[in-house]
Amino acid sequence: MTQIAVFGAGSYGTSLAIQLARNGCDTLLWGRDAAQLKQLAAERVNQRYLPGCDFPARLRVAESLEQAAAVSFWLLAVPSHALGPLVDTLKPLATGPRRVACASKGFEPETGRLAHEVVADGLGRVPFAIVSGPTFAKEVGRGLPSAITIASRTPGFAAETADALHGPGMRAYTSDDVIGVEVGGGVKNVIAIAVGAADGMGLGANTRALLITRGMREIMRLGEAMGGQAETLMGLSGMGDLVLTCTDDQSRNRRLGKAIGQGRDVDAAQQEIGQVVEGVRNAVEVNLLATRYKVEMPISQQVYRVLHEGVAVRQAFYELSSRPPGAESR
């Protein structure tokens with residue numbers, strides 16, 4: 001029987017912990033808020049982030065960080081900006097062999113590093129897998145049909161992680177393209193803000209299709225420049241996650257974009273959503289990486305300018321629509 005510790009008791013970490021336990025894994029769930037953990041243990045449900053999704057019998061709430069860290073299989077499920085600090089916290093507790101899976105989507109703030117680089121820098125060359133794909137936490141928690149991709153360069157570890165997650169309501173696919181899976185899961189958040197803004201402004205279905213399609217081209221340009229594979233980026237963790245995030249209001253990134261398109265202030269919109277909106281931070285790193293790898297990403301660049309340079313949304317769309325014609329394959 002597989003024993004797994006999930007670090008991160010937000011909506012996504014909780015949903016993955018539920019899926020693992022539902023699938024027969026002995027699962028420990030840890031979060032940094034001690035009061036929240038006591039409430040989770042008492043109520044057997046995450047009322048704040050995942051109401052209505054009761055904990056299976058095999059899901060227990062960790063009594064301490066040390067208890068969770070003693071498990072040899074870790075699943076890190078925190079926002080991308082919190083991954084580095086979490087790894088630093090866990091480093092002194094990694095006293096024996098560890099296998100580490102990560103469900104963070106995005107890039108390290110300021111550096112633009114990918115999750116596998118952050119983990120390797122903090123924990124060494126441990127077996128590592130990235131978990132990503134078109135999965136809203138609430139639907140995973142409810143056991144609705146979903147699919148996910150697990151990528152690892154360690155022989156057999158992608159399959160081991162897939163076996164732990166694959167079960168009722170969840171189909172798991174494996175890959176060895178860690179970079180492709182990581183890039184797809186990070187950039188899609190930025191594109192979703194653009195799509196949400198267009199819908200908030202009432203620009204129509206044609207504009208939505210345009211932004212999703214050309215946004216996918218931007219993801220592929222950056223992913224391939226960084227060493228990812230086009231086939232991966234056209235799969236669940238690229239195209240699949242992009243379509244999901246751009247088209248359903250369960251997406252916090254899409255909702256923030258809609259609010260901006262309707263004239264709301266960025267900070268006010270984030271406060272109203274009440275959870276981390278990854279695309280706001282990731283827009284900075286995507287802009288950084290586009291410059292570093294000399295990749296043209298006009299949609300992502302305009303999102304960055306709106307969020308962080310105060311450019312008006314209408315001005316950003318005007319500049320996008322005023323670009324000269326070019327080959328679709330570019």
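Me: Is Tyr 12 buried or exposed?
Reply: In this predicted model, Tyr 12 counts as buried because its relative accessible area is 16%, which is under the 20% cut-off. Tyr 12 sits in helix α1 and, leaving aside neighbours within four places in sequence, is in contact with Ala 103, Thr 135, Ala 137 and Ile 148.

Me: And which residues does the "binding site" annotation cover?
Reply: The UniProt annotation, from an unreviewed entry, covers Gly 8, Ala 9, Gly 10, Ser 11, Tyr 12, Gly 13, Ala 137 and Arg 252. The lining of the largest pocket includes each of these residues, from Gly 8 through Arg 252.

Me: Where's Ala 9?
Reply: Ala 9 lies in the loop between β1 (3–7) and α1 (11–22), and at 7% relative accessibility Ala 9 is buried.

Me: Back to that largest pocket: where does it lie, and why there?
Reply: It lies between domain 1 (3–176) and domain 2 (180–322), because both give residues to its lining. The largest pocket has a volume of about 1300 Å³ and is lined by 47 residues, with α4 supplying the largest share, five residues. By class, that lining has 19 nonpolar, 18 polar and 10 charged residues.

Me: What about the second largest pocket, how much space is in it?
Reply: The second largest pocket holds about 550 Å³ of space, and of its 22 lining residues the closest to the centre are Leu 210, Arg 214, Pro 298, Leu 320 and Arg 323. Helix α9 (205–225) gives the largest share of that lining, seven residues.

Technical notes:
Residues numbered from 1 in each chain as written. Predicted model: local features only at pLDDT ≥ 70, side-chain atom pairs only at ≥ 80, totals over all residues. Heavy atoms only, no water. UniProt positions renumbered as here; feature names shortened; annotations may be inferred. 1 Å grid on protein atoms, 1.4 Å probe; cavity = no way out; pocket = protein on both sides within 12 Å on 5 of 7 lines; lining within 4 Å. Helix = DSSP H or I, 4+ residues; strand = E, 2+ residues; numbered from the N terminus. Buried < 20%, exposed > 50% of the residue type's maximum accessible area, 1.4 Å probe, protein only. Contact = heavy atoms within 4.5 Å. Points joined across faces, edges and corners; volume = space filled by probe spheres on them. Nonpolar A, V, L, I, M, F, W, Y, C, P; charged D, E, K, R; others polar. Domains from an automatic or database assignment.
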